[in-house]
Amino acid sequence: MHDSENPRESIEEFGARADTWLSTSIPPRWKSERGALSTSESDAIRRDWDRTLSEAGFAGLSLPKEFGGQGMGLAEEVAFHVLAAKAQAPDGLARIGKILTAPLLVRFGTVAQQARYLPKILNGEEIWCQGFSEPTAGSDLASIASRATRVSGGYHIRGRKTWTSFVQHADRCLMLVQTDEQAPRYKNLSLFLVDMRQAGVTVDDIRQISGAVHFAEVQFTDVFVSDDDRVGADGEGWKLAMSILSDERGGAEAATRYVEIRSDIDALLETCGDRPDLAAELSALDIRAEALRWHLSKVVDLEGEQGEAFLRAVSVLKVVWSELWQDVTRAGWRAGNPDDREHWRFQYLESRSASIYSGTNEIQRNIMAERVLGLPR
Amino acid sequence: MNVNAVPSSTVGEIGLMAAEAVRELALKATGGSKISTYVEGPSPLAWNELVEGGWDLAGIVENGEGATRRDLVEIAIAWGEQLIPLPFMLTIVAKRHSPASLETDAPLTMALPIVSLPSGRSYLPFGQLDGILLVRDPGGSTDGVHSIPAGQADDLALSLHGIEADEISALSPQVARDVAIVLVAECVGGARQLLADGVSFVGTREQFGQPIGSFQAIKHHLANALIAVELAESTTIWASVDDTVSAAVLLFAVDQCIKTAEIVVQVHGGLGFTWEMGLHFYLRHMMMVREMVPGLIQLATIE
Ligand SMILES: Cc1cc2nc3c(=O)[nH]c(=O)nc-3n(C[C@H](O)[C@H](O)[C@H](O)COP(=O)(O)OP(=O)(O)OC[C@H]3O[C@@H](n4cnc5c(N)ncnc54)[C@H](O)[C@@H]3O)c2cc1C
């Protein structure tokens with residue numbers, strides 16, 4: 001993405017600019033009172049943060065300019081996440097929209113869909129959720145049973161989704177649904193952009209083991225979606241879902257995870273770095289975190305080619321970061337530092353989910369073995 | 001069997017009997033209902049049932065006759081399976097050592113040290129329970145039962161209904177070792193139950209048209225959980241029969257239980273991460289025990 005009138009700023013220049021901006025833009029309350037904020041206060045700050053990012057030109061860094069992005073690459077995306085974490089920036093609510101919906105629409109959306117949805121994803125006005133998993137279709141995503149039937153101008157959707165994150169805030173849902181009962185597996189699904197603010201959508205909160213409520217079961221009873229809100233052709237849902245899943249397990253996502261892991265390790269080093277009994281463990285975790293960062297850089301460098309080396313490198317990301325995070329939080333909790341006991345207990349429980357969502361680590365390893373290494377199925 | 005001078009791991013009559021009895025009482029009380037329906041509330045098993053059976057006295061030793069630590073382990077494992085929110089094992093240990101506590105039928109607790117708490121502050125399992133009493137110096141010169149001091153609820157282990165308070169129970173090395181061992185043995189029972197739950201879940205949950213238990217990745221996970229449970233049990237038994245063994249081995253045992261819980265959560269997929277499914281109640285219980293064990297080990301170690 002080279003603009004001859006306005007030569008592209010180097011990654012170092014970009015980093016310096018982002019760092020300066022971050023140093024003055026993060027809401028002080030988020031940094032100083034984070035633990036004490038109520039859910040609604042913290043949600044409000046996270047929502048505002050999405051808008052602030054957008055106003056300052058830091059939203060959609062790797063999206064092309066014609067779609068309202070900044071026309072940069074994965075490198076800037078990763079660099080920004082790292083700097084934001086160091087500066088203790090909030091994590092916005094727009095995650096699904098930015099990481100999943102936006103890249104999907106850029107590649108496969110109609111001009112009208114791009115115009116309608118991208119601006120509001122980037123400025124944080126509309127929050128998205130991802131309606132893939134169902135009670136009987138988790139790892140075996142292709143077996144989903146929610147069904148869309150034809151009505152005038154579009155479809156009526158019926159079915160149940162579950163473990164839907166962000167749905168409590170969501171305006172829209174990126175939803176995978178069966179549209180053809182007769183078609184064979186993988187050819188019977190379609191992908192929709194569903195309005196969640198309409199009758200027929202019922203959300204039942206599900207409490208998680210950490211005590212937090214970050215996902216829910218969602219019932220869809222004759223929920224309308226128009227033809228204009230179908231991405232791709234009828235029956236192309238599986239192909240699009242695969243593209244979404246690779247974004248979900250890809251570099252941008254891993255970068256945001258790296259950030260969280262790094263800040264947990266830094267906290268641990270700060271409080272327990274001088275403890276001889278923990279020295280070996282902390283140093284090993286530190287090295288693994290930096291290995292993840294270097295590995296991410298390699299992924300970024302290989303991105304342009306999309307060749308075999310890139311696919312190999314990307315395929316291990318999700319397992320690497322999720323297992324590292326789990327080991328970090330376990331170590332943090334076991335270290336038993338009195339001042340942040342609650343933090344570590346919570347993070348430890350919370351991190352148990354990382355090997356389950358975005359495709360379980362068993363499924364990830366199956367993919368590595370079968371698709372990357374070519375082992376027999 | 002006695003392998004190379006390792007003390008025998010055989011349980012005594014009393015251990016077997018009491019284990020069997022409390023396992024039955026617990027199962028009858030819960031009636032197979034989901035753990036999330038009872039663990040946070042009042043116990044489904046009335047304290048009186050345990051007292052009427054005399055089970056709170058199961059640890060008493062008179063004239064050298066009575067339950068051994070090995071027996072206590074057996075009872076605690078059985079008791080730990082259903083996670084009934086009552087201080088049964090702590091009461092058994094209290095009555096084993098504290099003559100003063102024999103004066104009451106009330107459930108009993110002790111103020112247990114936690115390394116990461118400020119000095120002078122401790123954790124009282126079941127401190128939130130109505131009618132519970134605190135044993136301050138079990139078997140010591142100021143042995144006695146007291147009302148529970150004011151404190152602050154700690155909601156990590158919901159099954160333990162505990163509080164933090166500015167309070168210290170003087171615990172002799174013997175008492176500390178008993179307490180640590182029964183707490184860890186309860187976790188072993190919990191881990192055993194979790195493994196059984198995991199096995200039954202993967203036999204029925206289907207993905208890709210077959211039970212997920214037919215996938216080798218899942219089989220290996222549960223085989224590893226089996227290894228962890230077996231090692232946790234062996235090391236707990238070992239610590240109970242061999243006084244010369246470092247109490248730190250108990251930390252290993254509880255870590256194996258936690259590993260089991262992590263695996264069982266994992267094989268449940270999204271369901272395993274839900275409050276409702278209830279696996280976390282065991283995990284949280286084990287976490288709290290893990291937080292208590294180092295302090296107890298320090299006390300239990302006779303220099
Ligand atoms: C915190 C959290 C947030 C989530 N957010 C969302 C969301 O926003 N949107 C959404 O659509 N979904 C979401 N999910 C759902 C997530 O994608 C699923 O939980 C996941 O895909 C696993 O599916 P499942 O829960 O049905 O488990 P199952 O598929 O039933 O898996 C159970 C166990 O079996 C294993 N298994 C299954 N098949 C195989 C196999 N072939 N080989 C080896 N092992 C196998 C799994 O690895 C797992 O250990 C979320 C989950 C969590 C925990």
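Buried means under 20% relative accessible area, exposed means over 50%, and partly exposed lies in between. A:Asp266 is partly exposed, with a relative accessible area of 32%. The model is predicted. Over all chains, 52 salt bridges are counted.

**Helix α1 of chain A**

- Helix α1 of chain A runs over residues 11-25. At 1.5 Å a residue, its 15 residues should span 21 Å, and the end C-alpha atoms are 21 Å apart, so the two agree.
- Its buried residues are A:Phe14, A:Gly15, A:Ala18, A:Trp21, A:Leu22 and A:Ser25. They cover an arc of only 135 degrees around the axis, which puts them on the same side of α1(A).
- An α-helix has 3.6 residues a turn, so residues three or four places apart point the same way.
- The buried residues of α1(A) pack against α3 (39-55) and α4 (74-86) of chain A.
- On the other side of α1(A), A:Glu12, A:Thr20, A:Ser23 and A:Thr24 are exposed.

**Helix α5 of chain A**

- A:Thr101 sits in helix α5 (residues 95-108) of chain A. Its relative accessible area is 0%, so A:Thr101 is buried.
- Beyond its neighbours within four places in sequence, A:Thr101 is in contact with A:Ile96, A:Ile121, A:Trp128, A:Leu174 and A:Leu193.
- A:Arg95 is also placed in helix α5 of chain A. With a relative accessible area of 22%, A:Arg95 is partly exposed.
- Not counting residues up to four places away in sequence, A:Arg95 touches A:Leu100, A:Phe166, A:Glu253, A:Thr256 and A:Arg257.
- A:Arg95 and A:Arg29 are 66 residues apart in sequence. Their C-alpha atoms are 21 Å apart in space.

**Chain B: cover and surface**

- Helix α4 (residues 88-97) of chain B is mostly covered, with 9 of its 10 residues buried.
- Among the buried residues of α4(B) are B:Phe88, B:Met89, B:Leu90, B:Lys95 and B:Arg96.
- B:Ile227, B:Leu231 and B:Phe252 form a nonpolar patch on the surface. Together they have about 250 Å² of accessible area.
- B:Phe252 belongs to helix α7 (residues 249-267) of chain B. At a relative accessible area of 35%, B:Phe252 is partly exposed.

**Salt bridges within a chain**

- Side chains of opposite charge can pair when their charged atoms come close.
- A:Arg262 forms a salt bridge with A:Asp266, and the closest N and O atoms are 2.9 Å apart.
- These two residues are 4 residues apart in helix α8 (residues 251-272) of chain A, so about one helical turn separates A:Arg262 and A:Asp266.
- A:Arg262 is buried, with a relative accessible area of 11%, whereas A:Asp266 is partly exposed.
- B:Arg136 and B:Glu167 meet in a salt bridge through their side chains, at 2.5 Å from N to O. This pair links distant parts of the chain, 31 residues apart.
- B:Arg136 is in the loop between β6 (133-135) and β7 (145-146) of chain B. B:Glu167 is in the loop between β9 (162-166) and α5 (173-204) of chain B.
- B:Arg136 is partly exposed at 30% relative accessible area, while B:Glu167 counts as buried at 8%.
- One network, joined by salt bridges that share partners, includes A:Arg341, A:Glu342, A:Arg345, B:Arg121, B:Asp154 and B:Glu291.

**A salt bridge between chains**

- A:Arg345 forms a salt bridge with B:Asp154, the closest N and O atoms being 3.0 Å apart.
- A:Arg345 lies in helix α12 (residues 341-351) of chain A and B:Asp154 in strand β8 (residues 152-154) of chain B, so the pair joins two chains.
- Both A:Arg345 and B:Asp154 are buried.

Terms used: Residues numbered from 1 in each chain as written. Chains lettered and ligands numbered in written order. Predicted model: local features only at pLDDT ≥ 70, side-chain atom pairs only at ≥ 80, totals over all residues. Heavy atoms only, no water. Expected span 1.5 Å × (residues − 1). Buried < 20%, exposed > 50% of the residue type's maximum accessible area, 1.4 Å probe, protein only. Arc of directions from axis to C-beta. Contact = heavy atoms within 4.5 Å. Patch = residues over 30% accessible without salt bridge, like charges linked within 9 Å, V, L, I, M, F, W, Y side chains within 5 Å. Areas by Shrake-Rupley, 256 points an atom, 1.4 Å probe, with all protein chains shown as cover. Salt bridge = Lys/Arg side-chain N within 4 Å of Asp/Glu carboxyl O.
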